[in-house]
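Here is a report on one protein chain. Look at the structure first, then read on.

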Amino acid sequence: MAAPSSSASAADTVAAAAAAEDTAAAATSTSEINSCLSAEIYSSLPVVTYALQHRYEWSSPAVAASSSLTPGASSSSVPKPEHMLGGIHALQHSLVMLVNPVSDDLETRIPNVEGYTSSCLLKEEDGGLVIFESIGISKNSLGDDYHRSGIWSEDQISIWKTIMQSVKAKKNDIYFAQLTHMGRVAHPGVISQAVSSTAKRLSDSHLTPVALTADGIHHIVQCYKTAARSAIDAGFHGVEINAGDGFLLEQFLKDRPNDRRDEFGGDVSQRSSFFLRVIKDVKKEIGANRLGVKFTPFDSIHGCTDSDAVDLINYLGMVMGEMDIAYLHFTQTRVGTRDRLTAISHVRNVFLGKIVVTGAPNQDALCLAKQIGAADLTGYSTNDVPYLYSDMVIVDGNRRGKKKMAPPHFFN
């Protein structure tokens, strides 16, 4: 059902204010973040004791310091075994790797075995979380010409099985498939029809989307559910629902793109209705301990901004806490400032699972995320591997000078 058009002036003002805030924050965040580099702060990084070794884990130094629990002890505050990612695996370190999409064929969207396998092998550490990014749930879910893979056809699923068998034979990691529908982020010639919360086109170079009806929403919910089951059958340990990046679910969650006046628009609870239907059905299909969610609350990618991002993440954190999913994943280029990381840390008041932070502007910002309790796990994408594992820095595609490897605390 299409929503009536409304003036975007207020939303544009919010977007302009956010951009101004970014400029100001960029000038001051460096000194804040650099404080994390001192030995004193490094020594107070959140303590993480993995269930594989001790059967409990702490999310902050304060909890660890105030507790008298010993390994193997029981307490209502101790995470239950089902909180382990995938239900059967415990992480051995707090480093997360995001595997960028690799597909050779924009028509079939079949994943590239060699590309994905070699990407996974770039990571030297064993026993961490690896997230395969941007896997499409249906033929119309991928609207750009970037080499994203799908998981809706038998041929795709068969190749994913091969990839999972290959990487599991070489690495002892935990593999999650990030399930994606891009919505109105769609170009002519790639797909024939785009959908979104409303019929507002992203730009002149994009398709004009159709505002999803209740039946259309139900169909996409089923696509997510089917894709989640296919991912588990292919050998993934779990799935991450992408509710960020300016893609379809975020086009409903945030109030700038979503000006509907029905049950899927309005206040934050109504704008979350579609997203929650996806989460409930996927949880029922594969289990809460195999389910994570990605958010980009402070970002404005593809025109997706919200007038109150803090209220949005507090609400989403609360409802995800009630659903007891495995983790929340916050990522975007604008996450690295202290105030935004502090806002994420407050989600712990309502969410007991793990919190992942990636996409911060540098390693120091990820260190800060741990230091202030905003993250249990931090990570990087395969594009960042030369920076982490080589003595060379990549600048604008060129190797420039030498750089030390990431400090050990980045991995702890």
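## Salt bridges, a buried asparagine and a cavity

Arginine 229 has 27% relative accessibility and so counts as partly exposed. Partly exposed is the middle class: buried means under 20% relative accessible area and exposed means over 50%, using a 1.4 Å probe and protein chains only. This is a predicted model, so local features need pLDDT of at least 70 and side-chain atom pairs count only at pLDDT 80 or more, while totals for chains, interfaces and linings use all residues. Residues are numbered from 1 along each chain as its sequence is written, and side-chain values use heavy atoms, with hydrogens and water left out.

**The whole chain**

The protein chain has 14 helices and 12 strands. Both are DSSP runs numbered from the N terminus: helices are H or I with at least four residues, strands are E with at least two. Of the 412 residues, 54% count as buried. Take contacts between residues at least 6 apart in sequence: 70% of them join residues at least 24 apart. A contact here means heavy atoms within 4.5 Å. The accessible surface comes to about 17,100 Å², and 52% of that belongs to carbon and sulfur atoms. Such areas come from the Shrake-Rupley method with a 1.4 Å probe; for residues, only the protein chains shown count as cover.

**Salt bridges**

How many salt bridges are there? The count comes to 14. The rule asks for a side-chain nitrogen of Lys or Arg within 4 Å of a carboxyl oxygen of Asp or Glu. Here are some of these pairs.

| Pair | N to O distance |
|---|---|
| Lysine 294 and glutamate 133 | 4.0 Å |
| Glutamate 285 and arginine 229 | 3.0 Å |
| Glutamate 263 and arginine 277 | 3.2 Å |

Start with lysine 294 and glutamate 133, which form a salt bridge. Lysine 294 sits in strand 7 (residues 291–295) and glutamate 133 in strand 2 (residues 129–136), 161 residues apart. Are they buried or exposed? Lysine 294 is buried, at 3% relative accessibility. Glutamate 133 is buried too, at 12%.

Glutamate 285 and arginine 229 also meet in a salt bridge. Glutamate 285 is in helix 10 (residues 273–286) and arginine 229 is in helix 7 (residues 214–234), so the pair ties together parts 56 residues apart in sequence. Glutamate 285 is partly exposed, at 26%.

Next comes the salt bridge of glutamate 263 with arginine 277. Glutamate 263 is partly exposed at 44%, and arginine 277 is partly exposed at 34%. Elsewhere, salt bridges that share partners join Glu133, Asp245 and Lys294 into one network.

**Asparagine 242**

Asparagine 242 lies in strand 6 (residues 238–242). With 0% relative accessibility, asparagine 242 counts as buried. A polar atom of its side chain lies 2.9 Å from the backbone nitrogen of glycine 244. Beyond neighbours within four places in sequence, the contacts of asparagine 242 include Tyr224, Phe247 and Lys294.

**The cavity**

The structure holds 1 cavity of 30 Å³ or more. On a 1 Å grid over the protein atoms alone, a cavity is a set of points where a 1.4 Å probe fits but cannot get out, and lining residues have an atom within 4 Å of a point. The volume of the largest cavity is about 40 Å³. Among the residues lining the largest cavity are Ala243, Phe295 and Pro297. Helix 8 and helix 11 (309–323) each give two or more residues to this lining. Which element gives the largest share? Helix 11 does, with 3 residues.

Definitions and conventions. Polar contact = N/O pair within 3.5 Å; in protein donor to acceptor, adjacent residues only side chain to side chain. 1 Å grid on protein atoms, 1.4 Å probe; cavity = no way out; pocket = protein on both sides within 12 Å on 5 of 7 lines; lining within 4 Å. Points joined across faces, edges and corners; volume = space filled by probe spheres on them.
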